[in-house]
Protein chains: 2
Amino acid sequence: MSTRYKIKVSYDGTNYSGWQVQPHNRTVQGELERLLAEMTAQKHVRVESSGRTDAGVHARAQVAHFDLPKPIDPNYFMRGLNAQLDRDIRVTSFERVSPEFHARFSAVGKEYRYFIYNGLIVPPTKRLYRLQEGRPLDVDRMRTAAELLVGEHDFAPFSANPRRELDGTVRTVHSFLVRKHGADITLEVQGSGFLYKMVRSLAGILIDVGMGRREPEIIHDVFAHGKRTAIVQTAQPHGLFLWKVFY
Amino acid sequence: MSTRYKIKVSYDGTNYSGWQVQPHNRTVQGELERLLAEMTAQKHVRVESSGRTDAGVHARAQVAHFDLPKPIDPNYFMRGLNAQLDRDIRVTSFERVSPEFHARFSAVGKEYRYFIYNGLIVPPTKRLYRLQEGRPLDVDRMRTAAELLVGEHDFAPFSANPRRELDGTVRTVHSFLVRKHGADITLEVQGSGFLYKMVRSLAGILIDVGMGRREPEIIHDVFAHGKRTAIVQTAQPHGLFLWKVFY
């Protein structure tokens with residue numbers, strides 16, 4: 001009878017090809033699975049997350065689970081993992097959970113944050129964690145558009161690959177805040193779930209609305225059209241953080 | 001008759017061996033001098049800063065000056081420099097100044113900030129810009145010690161090499177604030193000038209006071225003793241930012 005563990009993982013996605021294991025690239029899942037297999041002398045430990053993140057995307061608190069053949073001391077194991085992981089991945093919580101817990105299927109919602117630096121020159125120490133946009137963004141316009149995205153909708157026009165979505169393309173956005181603090185603009189979106197590249201696509205259209213290339217009401221048109229078109233651009237990955245997974 | 005230019009430079013010090021030119025290492029001054037010489041077809045352009053920063057130290061707004069044989073368009077040149085510099089160095093301002101202006105000798109004061117993450121696990125995206133300290137720091141004790149550092153003092157005990165200081169070792173600290181916001185503790189110090197590794201030494205003793213290894217009144221003893229001892233430790237460079245130079 002194996003035991004199941006849940007971990008929270010924070011990472012700087014800059015030097016990883018995303019979450020998901022790939023044969024020849026360094027990924028967050030790959031690093032965790034390799035170390036867990038070493039530490040437990042298993043051939044393979046499969047680490048299942050709440051969902052993949054793309055190359056370059058960061059996580060404040062990704063959640064994952066895995067099974068080990070016998071119980072271990074979570075605190076001791078967490079320290080051991082962090083001692084061996086590079087400092088751009090940190091395990092911030094490690095606990096035993098019921099075998100019914102599933103990082104992806106048990107999740108009831110997620111929060112993502114997208115960070116924009118609205119100025120000509122992004123401070124060097126923020127360059128890896130902000131989308132830089134030099135043209136002035138009108139946050140009131142962005143807020144109007146963000147409000148139109150809240151609710152249950154078919155978000156297919158905001159998926160990079162709607163046909164790949166196994167659970168359909170209807171999702172609920174619970175809240176979508178646009179905060180401004182000096183040159184920093186932050187998009188905070190909570191929802192039941194998000195399609196492939198959906199947050200980056202929502203960020204893309206809000207940025208276009210903010211700079212006046214589109215009217216906020218374009219959101220109505222995009223939903224009405226129902227399919228992805230060139231109107232929806234995918235914003236760069238490095239501004240995006242998986243912020244929180246709700247269970 | 002050459003013309004003098006003043007620039008502000010922001011940099012992420014992580015991948016540099018500090019400000020000052022070194023024969024075989026990548027430095028901020030080295031990068032700027034190389035590009036300016038290329039852009040102006042000069043053999044050498046000497047870039048003089050307000051003062052060197054050590055390997056790993058960051059700058060929000062370093063100031064430097066240099067002379068060019070004939071006038072150039074500052075805006076055009078600033079864009080050209082930024083286009084060729086790596087993104088961890090940005091020139092944020094570029095202006096013609098009087099030949100009397102000197103980045104070091106005209107400076108009347110400086111502000112440094114030292115960033116501490118007071119928690120067991122520093123978020124990966126902050127790891128290059130915060131000193132991590134897991135033991136709880138008492139900011140009230142740190143503030144008491146910081147107050148004792150304000151004023152005109154012989155800071156020789158806080159210099160890594162007092163004999164190297166050409167202008168003596170007396171300096172004035174105008175203000176020294178300790179701010180706390182969640183796990184982030186920031187030391188903000190303004191003064192007439194700072195000795196070699198002085199800010200990191202001040203940070204080192206404040207951290208020792210904050211964790212209870214020293215009493216705040218140790219500052220009196222250190223000044224009274226007058227010489228550097230092992231009581232004063234130099235905090236790591238990556239928490240330090242040269243914040244502002246006053247003219």
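Okay, a salt bridge here means a side-chain nitrogen of Lys or Arg within 4 Å of a carboxyl oxygen of Asp or Glu. With that in hand, Glu111(A), Arg113(A), Arg179(A) and Glu188(A) are linked in a network of them. Searching the whole structure over all chains turns up 36 salt bridges.

Quick housekeeping. This is a predicted model, where local features need pLDDT of at least 70 and side-chain atom pairs count only at pLDDT 80 or more, while totals for chains, interfaces and linings use all residues. Residues are numbered from 1 along each chain as its sequence is written, chains are lettered from A and ligands numbered from 1 in the order in which they are written, and side-chain values use heavy atoms, leaving out hydrogens and water.

So, what does Asp67(A) pair with? Its side chain meets Arg4(A) in a salt bridge, 2.7 Å from N to O. Asp67(A) sits in strand E3 (residues 58-68) of chain A and Arg4(A) in strand E1 (residues 3-11) of chain A, so the pair ties together parts 63 residues apart in sequence. Strands, by the way, are DSSP runs of E, at least two residues, and helices are runs of H or I, at least four, numbered from the N terminus. Arg4(A) is buried at 14% relative accessible area, and Asp67(A) is partly exposed at 33%; buried is under 20%, exposed over 50%, partly exposed in between, with a 1.4 Å probe and protein chains only.

Over in chain B, Glu31(B) and Arg34(B) form a salt bridge too, 3.1 Å from N to O. Both lie in helix H1 of chain B, three residues apart, about one turn of the helix.
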